[in-house]
Amino acid sequence: MKKLSKRYAESAKLIDTHKEYEIDEALDIIEKMPKTKFDETVELHVKLGVDSKHADQQVRGTVVLPNGTGKTQKVLVFAKGPKAEEAEKAGADFVGAEELIPKIQNDNWFDYDVIVATPDMMGVVGRLGKVLGPKGLMPNPKSGTVTMDVTKAINDIKSGKVEYRLDKTNIIHLGFGKVSFGAKKLKENYETVINAIIKAKPAATKGQYIKSVSVCKTMGPGLYINQK
């Protein structure tokens, strides 16, 4: 059995595993946990009472966090002509077209966090599906990353847009800030995400929609949240 670090064990002592915490209390506890050498991400894990195998029970969308993510996102834009120029002006880190395909396919170039593409470039980007798909980098109209409005897409991403989507076990996992944000800003981000997930409830859902909610920091134990 893997031995838990002293820091993790100290953090675990602060938690009652049989209790559901109010979000304020949970974030206060996370702040009190022993610190690491880096600014840890605070993560949210939401188990939903849906079946992601059915198309009409998918839960996926994006939301801009009021206090950002604490991480600088590098954006690659697939565009040509005036749209490429617009992307550069809007602050895209990389802009290109077909010439990027061999760089990504053959040189394993992944020095970016999000890809935005204009609709006319999706034929080109589609050729990279096998490489980008497994990494969750494929642009998608639902997440606002296939669009003619490249300026808005870049601004949203740079200002703290996050995507939420179900995994195969019907759980949404995402980071919603850094420990250094403090409880107040983290709570604002948390409520923004939770409200978006509640609004995204599929009409086909039967029974309890939100099964469980937990928060944790990167290197720490989880706390269950009382979320109705």
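This is a predicted model: local features need pLDDT of at least 70, side-chain atom pairs count only at pLDDT 80 or more; totals for chains, interfaces and linings use all residues.

My entries below go through the sheets, the aromatic rings and a few single residues.

**Entry 1: what I am looking at**

**Entry 2: the antiparallel sheet**

I moved on to another open sheet, where 4 strands follow the order β7-β1-β8-β9 with antiparallel pairing. Here β7 (171–178) and β9 (223–224) stand at the edges; each has a single partner strand, so one side of each is left without a neighbour in the sheet.

How many bridges pair β1 with β8? I got 7, linking strand β1 (residues 41–48) and strand β8 (residues 210–217) in the antiparallel sense. Val 46 stands opposite Val 213, which belongs to β8.

Helices lie on this sheet as well. Helix α2 (residues 23–32) lies across β1, β7, β8 and β9, at about 25° to β8. Helix α8 (residues 183–199) packs on the sheet too, where it touches β1, β7 and β8, and its direction makes about 155° with that of β7.

**Entry 3: the aromatic rings**

I turned to the rings and found that the structure holds 4 aromatic pairs. How are the rings of Phe 94 and Trp 109 arranged? Their centres are 5.0 Å apart and their planes stand at 85°; edge-to-face needs over 60 degrees, so I logged the pair as edge-to-face. Phe 94 lies in strand β4 (residues 94–96), while Trp 109 is in the loop between α4 (100–107) and β5 (114–117), so the pair ties together parts that are 15 residues apart in sequence.

I checked how open these two residues are. Phe 94 is partly exposed at 23% relative accessibility, whereas Trp 109 is buried at 12%.

Then I took Phe 110 and Tyr 112. Their ring centres are 6.3 Å apart with the planes at 55°, so I wrote this pair down as tilted. Phe 110 counts as partly exposed at 24% relative accessibility, and Tyr 112 counts as buried at 5%. Phe 94, Trp 109, Phe 110 and Tyr 112 form one aromatic cluster.

Which lysines sit over these rings? Lys 103 lies over the face of Trp 109, at 4.1 Å from the ring centre. The charged end of Lys 135 sits over the ring of Phe 110, 4.5 Å from its centre.

**Entry 4: two asparagines with positive phi**

I looked up two backbone angles next. Asn 108 has a positive phi of about 50°, although it is not a glycine. I placed Asn 108 in the loop between α4 and β5, and with a relative accessible area of 55% it is exposed.

Asn 170 also has a positive phi, near 65°, and it is not a glycine either. Asn 170 is in the loop between β6 (161–165) and β7. Is Asn 170 buried or exposed? I read a relative accessible area of 15%, and buried means under 20%, so Asn 170 is buried.

**Entry 5: Ser 143**

My last stop was a serine. Ser 143 is in the loop between α6 (129–132) and α7 (150–158). Its relative accessible area is 4%, so I put Ser 143 down as buried.

What does the side chain of Ser 143 make a polar contact with? I found the side chain of Thr 145, at 2.9 Å. Leaving aside neighbours within four places in sequence, Ser 143 is in contact with Arg 60, Thr 62, Lys 161 and Glu 163.

Technical notes
Residues are numbered from 1 along each chain as its sequence is written. Side-chain values use heavy atoms; hydrogens and water are left out. Buried means under 20% relative accessible area, exposed over 50%, partly exposed in between (1.4 Å probe, protein chains only). A polar contact is a pair of N or O atoms within 3.5 Å; within protein, one must be able to donate a hydrogen and the other to accept it, and residues adjacent in sequence count only if both atoms are side-chain atoms. Contact means heavy atoms within 4.5 Å. Rings of Phe, Tyr and Trp (its six-membered ring) pair if their centres lie within 6.5 Å; planes under 30 degrees apart count as stacked, over 60 as edge-to-face and the rest as tilted. A charge sits over a ring if NZ of Lys or CZ of Arg is within 6 Å of the ring centre and within 35 degrees of the ring normal. Two strands pair if DSSP finds at least two bridges between them. Axes are lines fitted to C-alpha atoms, for helices over the stretch in contact, and angles run from 0 to 180 degrees between N-to-C directions.
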